[in-house]
Amino acid sequence: MTTDGSSIEITLIAELPGHQDRAWAIAWNPTKPLLASCSADKTVRLYSYHTPPPSDVDSPSHGGELKFELNASITTGHAKTVRALAWSPSGNTLATGSFDSNVGIWQQVGEEDEEGAWECVSSLEGHETECKGVAYSASGTLLASCSRDKSVWVWEVLPDADFECMGVLMEHSQDVKSVAWHPREEVLASCSYDDTIRIWIDDPQDDWDCVAILRGHTSTVWSISFSPDGNYIASGSDDKTVRIWKRMDQHKWECAQVLEGYHDRTIFSVAWGEGTTGSLGWVASASSDGQIIVYQVNVTEEGGIEARLLTKMTSAHGVYDVNCVAWCPGNRLENCLASCGDDGSVKIWKVQVGK
Amino acid sequence: MNEIYNPNPKILKTAGKRGARAPSDLWDLGEERTGRFGLYDDPSVADSIDQNEVFDLVRFITDPEHKHMTLEELMVVSAPQCSVSNETNRVQIEFTPTVPHCGMSTVIGLTLRVRLLRALPDRFKVDIRVKPGSHQSENELNKQLNDKERVAAALENSALLTVLEECLEPAQNRVGRCTNQ
């Protein structure tokens with residue numbers, strides 16, 4: 001409930017089927033109205049979206065709702081499942097991470113005025129086993145990837161789709177499930193089957209260094225997401241809890257809150273967005289229990305933090321696991337959330353005051 | 001893979017009829033089901049299931065090491081070790097590795113996973129565990145077998161898949177439900 005007593009609801013505004021097998025992840029392009037999804041069917045699907053003008057007689061009664069259409073289906077050429085994907089901050093490059101252990105780099109190749117086809121301009125090899133996550137740093141000069149081989153690789157992004165490996169970080173004791181960068185600094189977080197989250201920075205003297213280990217989860221940590229202000233991290237785990245970690249000092253993080261009792265199966269994804277209420281925004285979590293849950297996060301009077309349930313959707317993808325959630329970065333679209341699941345579909349939701 | 005872990009397994013004499021084919025059964029698909037995008041999307045198909053039906057699906061899977069013995073005969077699976085909740089749509093299977101350090105346990109666990117993935121309606125979430133106290137690396141095994149991503153990646157390994165298919169074939173070619181009449 002909001003302070004005026006109205007209730008916040010999560011409603012479906014679009015359903016985008018099409019993948020022939022489970023959809024593992026989605027990513028919103030940061031600068032263009034494009035949404036990408038990747039799947040065990042080894043393809044990446046791109047959807048364009050727009051807001052129909054108010055005079056559009058075909059738009060539904062609650063008009064002005066985003067409209068999506070398929071823009072492209074990329075047969076990636078990855079030999080196995082495409083597990084993860086990430087857009088560069090410029091929005092011009094897409095990175096894919098596959099169970100075939102490689103990272104694919106994709107750009108539109110074509111004449112200036114035309115929209116070219118998406119082509120693989122580079123393939124980053126190095127991981128020994130499945131790649132499970134990819135992420136660009138805020139500046140776009142670094143790309144991180146992670147794998148079941150327990151390592152995190154940091155690549156420098158060079159001109160002409162060239163990449164140079166800057167570091168192979170081998171301190172997790174098990175698979176690394178995902179990586180995420182701080183929204184402004186070159187601070188990297190990774191989460192693992194070893195139940196921990198690690199924070200890494202590039203030490204000028206010493207190469208990439210692990211500066212903090214966040215312990216607390218009692219099983220695999222599947223996903224991490226930095227808050228928009230960069231002072232907090234949300235994590236989701238197989239232990240069915242979401243944890244909020246607060247940055248106490250430059251390299252010191254502590255668990256500020258444990259959100260438990262909301263999900264009753266593995267949480268596969270968390271995403272922290274600006275939201276439209278709460279001083280610290282909204283955290284969304286997605287789980288094998290079929291729920292998408294949104295929590296509102298506030299700073300308390302004592303300077304602490306409080307996350308509380310805002311709204312939730314059960315059976316978001318029917319009986320199927322929800323694998324990923326991501327908030328739309330678009331202007332005035334902070335309450336728009338994408339999800340994807342084992343049913344192979346991508347769904348778009350709006351979080352807003354109910355009617 | 002060449003080392004035999006358990007040269008002298010204990011064997012159960014089973015009461016189940018072997019080779020008898022019952023009339024066509026919704027459970028017996030023989031090959032990759034049309035679950036997610038087909039048959040089982042229809043809610044009128046296969047309502048509630050019980051532990052015996054789950055057991056029937058897995059009892060004839062063969063052991064990767066002793067290829068002519070079924071998991072039932074080796075007492076790896078049994079009906080009481082299968083549990084079903086139709087209200088919460090959960091299936092839990094507990095299995096007993098043949099010896100406490102059994103290296104084949106991951107493979108056996110995977111055959112159970114694949115069999116149920118292919119044969120149960122999509123609404124069921126499946127948890128697979130080793131019988132508590134029955135294996136040295138119980139927690140590690142359970143964690144691996146219940147990590148969806150690990151399982152998915154394992155199934156994209158063609159060498160491993162070949163081993164699994166060999167173990168699964170006897171169960172898939174056999175009737176899912178045994179009618180002792």
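**Salt bridges looked up**

I began with B:Glu149, which forms a salt bridge with A:Lys177, the closest N and O atoms being 2.6 Å apart (a salt bridge is a side-chain nitrogen of Lys or Arg within 4 Å of a carboxyl oxygen of Asp or Glu). B:Glu149 lies in helix H4 (residues 148–154) of chain B and A:Lys177 in strand S14 of chain A, so the pair joins two chains; helices (H or I, at least four residues) and strands (E, at least two) are DSSP runs, numbered from the N terminus.

I noted that this is a predicted model, in which local features need pLDDT of at least 70 and side-chain atom pairs count only at pLDDT 80 or more, while totals for chains, interfaces and linings use all residues. Residues are numbered from 1 along each chain as its sequence is written, chains are lettered from A and ligands numbered from 1 in the order in which they are written, and side-chain values use heavy atoms, with hydrogens and water left out.

Next I checked burial (buried means under 20% relative accessible area, exposed over 50%, partly exposed in between, with a 1.4 Å probe and protein chains only). B:Glu149 is buried at 0%, and A:Lys177 is buried at 1%.

I then found A:Lys132 and A:Asp175 paired in a salt bridge at 2.8 Å, N to O. A:Lys132 lies in strand S10 and A:Asp175 in the loop between strands S13 and S14 of chain A, so the pair ties together parts that are 43 residues apart in sequence. A:Lys132 is buried, with a relative accessible area of 2%, and A:Asp175 is buried at 1%.
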